[in-house]
Amino acid sequence: MSNKRRNRKKEHYGSVISINGEDFEINSTEKLGVYPKILERMVEELDKALYLYKRVFVLRFDLHLKDYSDDNEAVSTFMKAQVQRIKRKYKTKYVGYVWVREMERAKTQHYHCAFFIDGDRLRTSNVLNQQIKAKWYRNGHRSVVPKPFYFIDKHNYEEKRKEVIHRLSYLAKVRGKGYRSPQAKDYSTSRLP
């Protein structure tokens, strides 16, 4: 386990990381690292959602753009609109989210995303996934990810929270980040109270 800096961003290499004094197994190795700051923000938003709601529904999805863009305006606008739709449709006060920008072999960037939603209001991903696909269509396409959702409640809190954090740690990976204009961000999260 080691920490390195690249582009003034701290990198972490190893399969375990400590966040706020708690150790988590993550999707990282000695050769393929993560940015701890991105992972810390994701865990913070997930934990805020778990504090706000007895049950939390976590949905993972990917968005691909048709054309390259130096900025993240398309995904930022899309996520804000989706949050408002989710609040209205499911009558919930707060919706947490995270997205990360990546570009690897393709000539356009893609985004790995997740929502954190009140699990008493939403229990399955089918309708929301179809809505995401329909609304993102003009920008590009949505990839189907295996096992797209998790449901965390008091009965499975320890196990599922760690499973979700391990899954989301992939979003914080170093590979694919940094292909953007200096003003654009590699990631963004909600700011739940």
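Rings of Phe, Tyr and Trp (its six-membered ring) pair if their centres lie within 6.5 Å; planes under 30 degrees apart count as stacked, over 60 as edge-to-face and the rest as tilted.

**Before I start.** I am working with a predicted model, where local features need pLDDT of at least 70, side-chain atom pairs count only at pLDDT 80 or more, and totals for chains, interfaces and linings use all residues. Residues are numbered from 1 along each chain as its sequence is written, and side-chain values use heavy atoms, without hydrogens and water.

**Aromatic rings.** I searched the whole structure and found 4 aromatic pairs. I looked up Phe-57 with Phe-149: the pair is stacked, with 5.3 Å from centre to centre and 25 degrees between the planes. Phe-57 sits in strand β5 (residues 56–65) and Phe-149 in strand β9 (residues 149–152), so I noted a link between distant parts of the chain, 92 residues apart. My helices (H or I, at least four residues) and strands (E, at least two) are DSSP runs, numbered from the N terminus.

**Helices α2 and α3.** At what angle do α2 and α3 pack? I read about 140 degrees, with the axes 11 Å apart. Axes are lines fitted to C-alpha atoms, for helices over the stretch in contact, and angles run from 0 to 180 degrees between N-to-C directions. Contact means heavy atoms within 4.5 Å. Among the residues making this contact are Phe-78 and Ile-86 of α2, and Leu-128 and Trp-136 of α3. By class, the contact has 9 nonpolar, 2 polar and 3 charged residues. I count Ala, Val, Leu, Ile, Met, Phe, Trp, Tyr, Cys and Pro as nonpolar, Asp, Glu, Lys and Arg as charged, and the others, Gly among them, as polar.

**Helices α1 and α4.** Next I followed α1 to helix α4 (residues 157–169): their axes come within 10 Å and cross at roughly 145 degrees. On the α1 side I noted Leu-39 and Leu-46, among others, meeting residues of α4 that include Val-164 and Leu-168. The residues of this contact divide into 9 nonpolar, 1 polar and 2 charged.
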